[in-house]
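I opened this notebook to record what I looked up, starting with the ligand.

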Amino acid sequence: MSEWFPEVSKIEYEGPDSQNPLSFKHYNPSEQIEGKAMRDHLRFSVAYWHSFRNGGADQFGVATRRFPWDDGSAGLQNAITRVRAAFEFFEKLGVDYYCFHDRDVAPEADSLTETNKNLDAVVKVLKEEQQRTGVKLLWGTACLFAHPRYMHGAATSCNADVFAFAAAQVKKAIEVTHELDGEGYTFWGGREGYKSLLNTDMRRELDHLGAFLHMAVDYKKKVGFGGQFYIEPKPMEPTKHQYDSDAAACFAFLQKYELVDHLKLNIEANHATLAGHTFIHELEFAVANDILGSVDANRGDLLLGWDTDQFPTDLYDTTYAMLSIMKAGGFVTGGLNFDAHVARESFEPIDLFHAHIGGMDAFARGLKIAAAIRKDGIFDGFLKSRYASWDGGIGAKIEAGSVGFEELERYIIGKGGEAAPNESGRVEMLENYINEYVR
Ligand code: XUL
Ligand code: CO
């Protein structure tokens with residue numbers, strides 16, 4: 001069997017003093033943090049589309065990346081060789097999971113039947129490689145945005161035949177995810193939105209999207225797929241406006257269409273910033289509503305208004321993210337999927353290692369810093385005292401729903417007509433505390 005990354009052996013944990021760029025300085029998979037191994041807190045995943053398909057082309061230039069295993073064809077054998085290269089990479093990196101779109105792994109043919117045959121042939125190899133390496137599928141998904149048939153959307157297309165094709169494609173994608181023991185399945189509404197409202201019946205499109213997801217839920221039950229469904233918010237790109245624009249819009253949609261018991265959110269850092277939020281805002285919103293499922297770990301460039309999908313290296317971001325994730329009790333089926341690609345000028349295969357090692361170490365540090373913050377309890381203590389007026393007296397009565405406007409008016413008048421004085425929010429003091437941990 002060929003080796004596609006001959007210059008790299010298994011990446012090991014060498015500790016913070018190591019000078020070896022091909023080693024982990026912080027990610028030590030078996031190290032226990034709060035009684036759980038780091039690998040089980042972080043559940044790292046490689047995104048097949050960015051690491052093995054995205055050649056780095058942009059609006060101004062062609063692909064630059066070298067994929068020595070790739071013969072440049074859209075043939076089945078090439079797709080299979082690519083799987084072998086990908087699993088060599090996963091194994092050497094020491095990552096436990098990967099994610100893929102159906103069309104990332106197998107070529108689309110002239111008919112759905114032929115395309116599904118291609119997919120079956122590649123899934124056989126994926127299964128073999130999963131068994132050989134122990135690497136698992138975090139989630140599967142279907143590409144409902146690249147083919148020209150999806151120009152008007154998939155579940156929200158004006159063309160009912162396209163809806164039907166998308167349904168058939170997702171049916172198959174759920175089947176193969178199930179076959180590969182995937183722990184989840186993600187719906188990202190690639191073109192579920194609009195370019196112009198002049199040609200869009202928004203009410204109808206939203207109803208169709210709700211119906212589509214219900215069909216998916218029914219089919220999941222029918223085939224006994226026990227994985228978690230996720231919906232991934234993103235405000236724009238490729239359409240001007242996507243219906244699943246942010247965590248709050250997704251939550252409202254899921255509630256309206258009675259899907260909230262069936263889908264959790266897959267929060268992506270760069271999608272949050274595109275929506276005008278921070279990554280942490282989106283995570284906290286999901287945690288506050290018990291719908292955090294998984295994370296697409298990456299980073300945008302705040303000076304650029306698009307989805308740059310860079311690898312995450314910001315320790316504040318990873319710390320805040322791990323605080324939110326740990327507050328929610330940690331991942332169950334989800335994980336940290338690096339939905340990120342190397343820069344166009346980082347074109348050599350070894351750059352894939354540098355990129356992922358950096359992301360994994362950044363999250364390992366975030367995890368350790370978050371655990372230290374949680375252990376000291378300073379922030380929990382501050383929150384507890386900031387909201388203390390709700391733990392007894394009138395606050396407890398309001399929370400219990402035992403008082404209304406009239407009782408509250410009587411209460412304030414009874415206190416001499418004024419509320420108790422406020423206390424400082426101590427924003428700067430808290431920011432200073434954080435800096436004592438992030439270093
Ligand atoms: C696109 C994006 C997708 C989804 C899966 O911005 O994030 O790759 O994660 O379809
Ligand atoms: Co994503």
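I looked at ligand 1 and found an oxygen atom of it 2.7 Å from an N or O atom in the side chain of Glu232; a polar contact is a pair of N or O atoms within 3.5 Å. An oxygen atom of ligand 1 is also 2.9 Å from a side-chain N or O atom of His271. For Trp49, I noted a polar side-chain atom 3.2 Å from an oxygen atom of ligand 1. The protein covers 94% of the 290 Å² of accessible area that ligand 1 has on its own (Shrake-Rupley method, 1.4 Å probe).

The model is predicted: local features need pLDDT of at least 70 and side-chain atom pairs 80 or more, while totals for chains, interfaces and linings use all residues. Residues are numbered from 1 along each chain as written, chains are lettered from A and ligands numbered from 1 in written order, and side-chain values use heavy atoms, without hydrogens and water.

Next I looked up strand β5, residues 44-47 (strands are DSSP runs of E, at least two residues, numbered from the N terminus). Phe44 and Val46 point one way, Ser45 and Ala47 the other, and all are buried (under 20% relative accessible area, 1.4 Å probe, protein chains only). In a regular strand the side chains alternate between the two faces of the sheet.

Which strands pair with β5? β14 (residues 336-338) pairs with β5 in the parallel sense over three bridges, and β6 (residues 97-101) runs parallel to β5, also joined by three bridges (pairing needs at least two DSSP bridges). Phe44 has Leu336 in β14 as its bridge partner, and Ser45 has Tyr97 in β6.

Notes:
Buried means under 20% relative accessible area, exposed over 50%, partly exposed in between (1.4 Å probe, protein chains only). Helices (H or I, at least four residues) and strands (E, at least two) are DSSP runs, numbered from the N terminus. A polar contact is a pair of N or O atoms within 3.5 Å; within protein, one must be able to donate a hydrogen and the other to accept it, and residues adjacent in sequence count only if both atoms are side-chain atoms.
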